[in-house]
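Let us take a guided look at this structure, one part at a time. Please keep the sequence and the 3D view at hand while you read.

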Amino acid sequence: MNIVVCIKQVPDTTEVKVNPETNTLIREGVDAIVNPFDTYAIEEAVRLRDKFGGKVTVMTMGPPQAEAALRQALSVGADSAILISDRAFAGSDTWSTSLILSKALEKIKEAEGVDLVICGKQASDGDTAQVGPGIATHLDLPQATYVRRIDTVHLDSSPKIIVVERLVEEGYEMIEVQLPALITVVKEINEPRMPSLRGKMKARSAEIVVWKNSDLAIKENEIGLEGSPTQVVKIFSPPKKEGGKVFQGEPEDAVDELVEEIKDIL
Amino acid sequence: MSKIQIIKDKCTGCGLCLKACPVDAITIVSKKAVIDLDKCTLCKACLESCKFDAIEVKEQTKKGKDLSDYKGVWVFAENSNGIVVPVVFELLNKARQLADELDTEVSAILLGHKVESEAGKLIQRGADKVYLVDSKDLGHYISENYTAKIVDLIKKYKPEILLAGATTTGRSLAARIAVKCYTGLTADCTGLEIDKDKKILIQTRPAFGGNIMAQIISPNFRPQMATVRHKVMPEAKPDTARKGEIIKEPFDSNDIDSRIKFLDFVKEAVSTINLAEADIIVSGGRGLGSPENFKIIEELAETLDAAVGSSRACVDAGWIPYSHQVGQTGRTVCPKIYIACGISGQIQHLVGMQSSDLIIAINKDPEAPIFKVADYGIVGDLFKVIPLFAKKLKETLNR
């Protein structure tokens, strides 16, 4: 089972703050991490490979320093890594990003075949959840989003199929999907492992393949700012919340005071 | 010219752009800003920060498409078991405002099985037209089948705007449609307005876990697509006198994507009210101490017709299913009232609920960060406070 995991390097959102005077992001001390949702995607791929054989390829699109995210994936069990990096890709929105990743997937498919593509449900910086389905659409793959469990995998049937549980608003639904397919996964699916010392050493010396647009040959007018349908007009910080009223008295009094304050809006 | 550049004559080397850059791509060399194009993601945060108009980004060239053909505001009428979900009424309200400003019509797109009776509701809530695709093959949502039919309708009728709820269904569907139609899609919007001069949709959305807001446009592509967060916009009120037109569109069973099959749906919710649609959410955290103690949260929730939420700690400990988790790795919620009980307020939790209209915190630690975002707080033992609160509310609400 050949699996490709698409990951993203993101700023550690929990550390991002906005300077109230200049209205700008404070990035000092903000680390770049692997998007938290992608860690579940990597773990699930590695588990499937360990069970069914095959190979896990991890890929990311980003600046040269995004290599660090790939090495982290290698340290927890991915077999090979591809960095898709080119100045021509800068400014790509979810439409163009999913096109670029789908072209890279086609290239992997030609070389060694792809049975399953796994993405995290969304990235923690953009929070769009659009790139996974976008890739599936560009490649005309069936998709299952918000997967919380892979129930069964039938690799000897024809066609190969998987049955997955998708998390929806009021519970979950079970769907059967033919491979090759793309799934996006939620946190509930597994508990990602920590890298072993051996894994870390292997990752440090592993070779990372770099693909530029010359390798993928995508039309310039479909990528970057030029190819992206959406444009950011401006970025601003949300109105700041003032600390509110806190009642510290006896529970009975505190509850009375609180109910008095809110009773008109209930 | 490269895609972004510094106009050297205007740049004073003040360094504001350097602070604004989220990816650390700008340095000041000999009192002029220099952009490292290997790092730059062209996010344009620096453009906004520059007081001297010294940064220039190459504008997108207009595409060949004739955009004037595209008219009307469409709403995807998501339904669950044949019943239109509440976010659709919120979308219709917003769509009506946008359409009135553009002097155009609102249409609802209703796909499903035996859903014709829902079409009238959509008209009452502001739709001028309902495009109805009723087929036994559409009874369960399957992204591939829904996408294929809606893309057909878009090609045929050419709407200028298409809105969907930012639900699991809406997000999965809209992303596919946008790619198929080669058009712009903005996720999880909290604000939508029309630029009066350019007659285009300005979409506002939170990013970086709600720490910043971004305004986004798709001026050269149609339809302009957005998914919209629950509970941010008020619902359209029903008007039984409103008239509208129902246009039936066929679905060809040959268009079913046979690669994907719906097997079963399993309901999994402690309370009967789902988090995303709830007006009020009562959430429990580590302070509850044990899974049995979630009872008091559920009782309070019942008093208020509220949904039950949870911090990550309780989910990780197995006290409550993941579907109840609010926060960065769970759900983002935006109810009218959010009541956090025994939740300290780690930033990972705050990013999932801080845009709620009113936040109430109950915690024994007066220094807990949750009080910084709370409108009202009670410092005290939640095992005493919550039952009293529930009792008092019952008395007050029954009066």
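Chain B is assigned domain 1 (4-57), domain 2 (67-254) and domain 3 (275-398), with bounds that come from an automatic or database domain assignment. Between domain 1 of chain B and domain 3 of chain B, the C-alpha centres are 43 Å apart.

This is a predicted model, in which local features need pLDDT of at least 70 and side-chain atom pairs count only at pLDDT 80 or more, while totals for chains, interfaces and linings use all residues. Residues are numbered from 1 along each chain as its sequence is written, and chains are lettered from A and ligands numbered from 1 in the order in which they are written.

**Where the chains meet**

How many residues of chain B are in contact with chain A? There are 93 of them, and they meet 80 residues of chain A; contact here means that the C-beta atoms, placed from the backbone, lie within 7 Å. The side of chain B that touches chain A has 46 nonpolar, 24 polar and 23 charged residues. In this grouping, Ala, Val, Leu, Ile, Met, Phe, Trp, Tyr, Cys and Pro are nonpolar, Asp, Glu, Lys and Arg are charged, and the others, Gly among them, are polar.

Helices (H or I, at least four residues) and strands (E, at least two) are DSSP runs, numbered from the N terminus. Two strands pair if DSSP finds at least two bridges between them.

One open sheet of 10 strands, with mixed pairing, runs in the order β13(A)-β7(A)-β6(A)-β1(A)-β8(A)-β12(A)-β9(A)-β10(A)-β11(A)-β17(B). At its edges stand β13 (208-211) of chain A and β17 (260-267) of chain B; each has a single partner strand, so one side of each has no neighbour in the sheet. From one strand to the next, the twist averages 30°; angles run from 0 to 180 degrees between N-to-C directions, and axes are lines fitted to C-alpha atoms, for helices over the stretch in contact.

Within this sheet, β10(A) and β11(A) run antiparallel and are joined by eight bridges. There, R166(A) is opposite E173(A) of β11(A).

**Two helices side by side**

Helix α3 (residues 94-112) of chain A packs on the sheet, and its direction makes about 150° with that of β6(A). The axes of α3(A) and helix α4 (residues 131-139) of chain A come within 8 Å and cross at roughly 55°. α3(A) and α4(A) are therefore oblique to each other; angles under 35 degrees count as roughly parallel, over 145 as roughly antiparallel, 65 to 115 as roughly perpendicular and the rest as oblique. Residues of this contact include W95(A) and L105(A) of α3(A), with I135(A) and H138(A) of α4(A). By class, the contact has seven nonpolar, six polar and no charged residues.

**The sheet of six strands**

A second stop is an open sheet of six strands with parallel pairing, in the order β15(A)-β22(B)-β21(B)-β20(B)-β18(B)-β19(B). Its twist averages 20° from one strand to the next. Here are two of its strand pairs.

| Strand pair | Sense | Bridges | Facing residues |
|---|---|---|---|
| β15(A) and β22(B) | parallel | three | K245(A) and Y376(B) |
| β20(B) and β21(B) | parallel | five | I339(B) and I360(B) |

Helix α8 (residues 251-262) of chain A lies across β15 of chain A and β22 of chain B, at about 170° to β22(B).
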